[in-house]
Amino acid sequence: MIDELSPETVRDRIGDDGNDDDDELDLIDVREDTAYDDGHLPGAEHVTIDELEETVVDRDWADEVIVYCYIGKTSIQAARLIDEYGDAESVASMDGGYEAWESAASESSPKPQ
């Protein structure tokens, strides 16, 4: 079973600048090119689901992998693929995907006065 992490948990794990403290984390965005280009999490690597299917076995994964997509469905598929065929110790999907990340960010921003 793949763990689903909240956007807040992911934010805490990657830090404000997208650099996790121990460099033992792969943050993977599996959305299509245009979506990634429009915005992505700090420090995220862009690997479409098709590219992932071709390279998952050959890749040297970090100990921890967090995958996200737009709303969380494709990232579950990608996380299962990495969990089954990759060599990461821990694989998780970000619950709600990039949409939830953006929503959480807007909720935590100061409200205009």
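**A loop residue and its surroundings**

Author: A88 lies in the loop between α4 and β5 (90–94); helices (H or I, at least four residues) and strands (E, at least two) are DSSP runs, numbered from the N terminus. The model is predicted, and local features need pLDDT of at least 70, side-chain atom pairs count only at pLDDT 80 or more, while totals for chains, interfaces and linings use all residues. Residues are numbered from 1 along each chain as its sequence is written, and side-chain values use heavy atoms, with hydrogens and water left out.

With a relative accessibility of 14%, A88 counts as buried (under 20% relative accessible area; exposed is over 50%, partly exposed in between, with a 1.4 Å probe and protein chains only). Not counting residues up to four places away in sequence, A88 touches W61, A62, D63, V65 and I82, where contact means heavy atoms within 4.5 Å. E24 is 64 residues from A88 in sequence, yet their C-alpha atoms are 9.8 Å apart.

In soluble globular proteins, nonpolar side chains tend to be buried together.

Next to consider is R59, which lies over the face of W61, at 4.3 Å from the ring centre. A charge sits over a ring if NZ of Lys or CZ of Arg is within 6 Å of the ring centre and within 35 degrees of the ring normal. R59 also forms a salt bridge with D26, with the closest N and O atoms 3.8 Å apart (a side-chain nitrogen of Lys or Arg within 4 Å of a carboxyl oxygen of Asp or Glu). Because R59 is in the loop between α3 and β4 and D26 in strand β2 (residues 25–29), the pair ties together parts 33 residues apart in sequence.

A salt bridge also joins R59 to E45, at 2.6 Å between the closest N and O atoms. D26 is buried, at 15% relative accessible area, whereas E45 is partly exposed, at 34%.
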